Amino acid sequence: MTQRYLVGETSVLLAQLQASGADPVVAGELARLRREAESGPASRLSAVALRALELTDELCRDSLRRGDVRAFVHQCACGAELRDFCVCARLLADP
């Protein structure tokens with residue numbers, strides 16, 4: 001995979017996660033991560049992805065607390081897609 005593809009796909013996945021009904025603070029953090037992925041060195045993609053997955057966990061827990069099943073399902077799907085992509089791209093280790 002080319003570096004441009006990795007950056008582009010990471011950005012798209014972060015945008016989907018950002019649009020998943022995130023609270024404003026988490027949405028802002030996801031936007032910052034997206035900018036970092038797009039403009040920073042490709043060597044930072046692993047750290048960006050790891051932080052995004054941590055934020056996904058926060059989003060999912062928040063959706064469950066609020067009883068928002070639709071947001072929870074969407075956030076889980078976005079997080080799973082991001083994780084799978086990062087593992088396949090070797091940005092994250094497969095536990």
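**A chat about the helices and the core**

Mentor: Happy to. Let's begin with E36, which is buried, with a relative accessible area of 18%. Keep in mind that this is a predicted model.

Trainee: Why does 18% count as buried for E36?

Mentor: Because buried means under 20% relative accessible area, and E36 has 18%.

Trainee: Got it. Which helix does E36 lie in?

Mentor: E36 is in helix α2, which covers residues 24-39.

Trainee: And which residues does E36 touch, leaving out those up to four places away in sequence?

Mentor: With those left out, E36 touches R44 and V48.

Trainee: Let's zoom out. How many helices and strands does the protein have?

Mentor: There are 4 helices and 0 strands. Reading from the N terminus, the order of elements is α-α-α-α. The radius of gyration is 13 Å, close to the 12 Å that the globule rule gives for 95 residues, so the protein is as compact as a globular protein of that length.

Trainee: What does the C-alpha trace span along its principal axes?

Mentor: About 40 × 25 × 15 Å.

Trainee: How much of the protein is buried?

Mentor: Of its 95 residues, 39% count as buried.

Trainee: Now the inside. Which residues touch the most other members of the largest nonpolar core?

Mentor: That core has 24 residues, and the ones touching the most other members are L14, L30, L33, L82, F85 and C86. Two or more core residues come from each of α1 (3-18), α2, α3 (45-66) and α4 (69-88).

Trainee: Which helix gives the most to this core?

Mentor: α3 does, with 7 residues. As a general point, nonpolar side chains tend to be buried together in soluble globular proteins.

Trainee: You listed L82. Is L82 buried or exposed?

Mentor: L82 is buried, with a relative accessible area of 1%. Its place is in helix α4. Leaving aside neighbours within four places in sequence, L82 is in contact with L13, L14, A49, A52 and L53.

Trainee: How many residues apart along the chain are L82 and L14?

Mentor: They are 68 residues apart, yet their C-alpha atoms are separated by 7.9 Å. Looking at the whole protein, take the contacts with a separation of 6 or more: residues 24 or more positions apart account for 60% of them.

Trainee: What else is buried in α4?

Mentor: The buried residues there are A71, Q75, C78, G79, L82, F85, C86 and V87. What covers them includes α1 and α3. In general, residues three or four places apart in an α-helix point the same way, because there are 3.6 residues a turn.

Trainee: How far apart are the end C-alpha atoms of α4?

Mentor: They are 28 Å apart, which agrees with the 28 Å that its 20 residues should span at 1.5 Å a residue. After α4 comes R90, whose phi is positive, near 60°.

Trainee: Switching topic: how many aromatic pairs does the structure hold?

Mentor: It holds 1 aromatic pair. Y5 and F85 form it edge-to-face, at 6.0 Å centre to centre with 70° between the planes. Y5 lies in helix α1 and F85 in helix α4, so the pair ties together parts that are 80 residues apart in sequence.

Trainee: How accessible are Y5 and F85?

Mentor: Y5 counts as partly exposed, at 42% relative accessibility, whereas F85 is buried, with a relative accessible area of 10%.

Conventions. Residues numbered from 1 in each chain as written. Heavy atoms only, no water. Buried < 20%, exposed > 50% of the residue type's maximum accessible area, 1.4 Å probe, protein only. Contact = heavy atoms within 4.5 Å. Core = buried A, V, L, I, M, F, W, Y, C linked by side-chain atoms within 4.5 Å. Phe/Tyr/Trp six-rings, centres within 6.5 Å; stacked < 30°, edge-to-face > 60°. Expected span 1.5 Å × (residues − 1). Rg over C-alpha atoms; globule rule 2.2 N^0.38 Å.
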